[in-house]
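Take a look at the structure below.

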Amino acid sequence: MVNYSHLPGLRRILSDTSVFANVSVLINDQTEGKYISDFTRTIFIFVNHVIVDMSICVFGIVGNCLSITVFLKQGLSRSVNLSLFAMSVSDLIGLTFQVWHNFCINPYLELADLPVIFLDVQILTPGCPNVAMTRITCWLTMYITAEKCVSVMFPLKVGRIVTFPRRVVFIVFCFSVNLAFFLPLYASYYLTFKFYPKFNRTKLGISVQENHDMLIYVLNASHAYLSIISFVGVIINTAILVVTLKRMAKWRKSTSLGQNKVETLTILDKKTELLVITVATVLVVCYAPGVTCTLIEIVFPEFNIEKKFENLYHVMWSFCFLFSSINASFNVIVFYNMSSKYRNTLKQICSNLNITAKANKNLIF
């Protein structure tokens, strides 16, 4: 979960000519009225974004590329492959933008004296797209858990309720709705070269057209509703699925089915239950910090980039970004460890690549 106001400057732009004007890499120990010093904030942002998060993003980009290849190889019309494929695409795009975002908010970029105000540029280039992809992933996860609930609760009707065209429609709906709310932002905010008195030179930054107050309100409200709805939806769907699976497992044990068949069904139920619990736990744990920060900002106005707890705000959101990248990168590990079909397909792809590489090597020599 990512709040728009964490994008350094979406609000500050409204009252200052430069987001970067209040961010300095010159270390000082003036901590009066602050819970975290400027030096501490700089260290946290550098370590979390530039070092740790960047490494996680690289791993996640490779992992999601592998997942996309596996799902294409298996076929998108098979089971929930289409939904998992769409989620991997969303995670891949989000992580790619996050790499650029991590670069832009490097606190030491100012020392390079480049003709770009990176904290301005990152709002429209990596910031907003990353927010959109994060929300889309959460919505797709909500849909996958809801689909599993339907398949468990109505096994005889699931084929008529959940169809391939309906999956496509909902996935397109998820992408469209979450992206549509950013159209007004890109209509009002734009990148341009302008003069910055602080640097006494012209640099690439961001400019704002009129009526931006209403725009900020709409963006923050839409983000809150879309994020919380999907987040709560995943929790509810997962709880329903786990309870239903446990009841079905007990019922099957009490029936007169053969012992071997009962054991097979129970093992399959346990695998499905464990997979769902794992995916849900990862998502809840990784998105909970962002939701918490959003709620804190609503309840405590001082927790903001322009107020008393500014440094604490930046540090906490750096961890939120870190957890968001973990969620987008962790799925490949879950798929590989908990899905034998995924694992076998991936091994087959790697084997084919080995054979192709050896054949090409023989042709060369």
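Leu84 touches Phe71, Ile144 and Phe335, leaving aside residues up to four places away in sequence; contact here means heavy atoms within 4.5 Å. This is a predicted model, so local features need pLDDT of at least 70, side-chain atom pairs count only at pLDDT 80 or more, and totals for chains, interfaces and linings use all residues. Residues are numbered from 1 along each chain as its sequence is written, and side-chain values use heavy atoms, with hydrogens and water left out.

Leu84 also belongs to the largest nonpolar core, which has 45 residues; Leu84, Leu140, Phe175, Leu185, Tyr189 and Tyr342 touch the most other members. A nonpolar core is a set of buried Ala, Val, Leu, Ile, Met, Phe, Trp, Tyr and Cys residues joined through side-chain atoms within 4.5 Å, and buried means under 20% relative accessible area (1.4 Å probe, protein chains only). H3 gives this core its largest share, twelve residues. There's a second, separate core of five residues, including Cys293, Phe303, Tyr313 and Trp317.

Now for a helix pair. H2 (residues 81–104) and H3 (residues 118–153) pack at about 155 degrees, with their axes 8 Å apart. Axes are lines fitted to C-alpha atoms, for helices over the stretch in contact, and angles run from 0 to 180 degrees between N-to-C directions. That makes H2 roughly antiparallel to H3 (over 145 degrees).

Zooming out, the protein has ten helices and two strands; helices (H or I, at least four residues) and strands (E, at least two) are DSSP runs, numbered from the N terminus. Of its 365 residues, 47% count as buried.

Technical notes: Angles under 35 degrees count as roughly parallel, over 145 as roughly antiparallel, 65 to 115 as roughly perpendicular and the rest as oblique. Buried means under 20% relative accessible area, exposed over 50%, partly exposed in between (1.4 Å probe, protein chains only).
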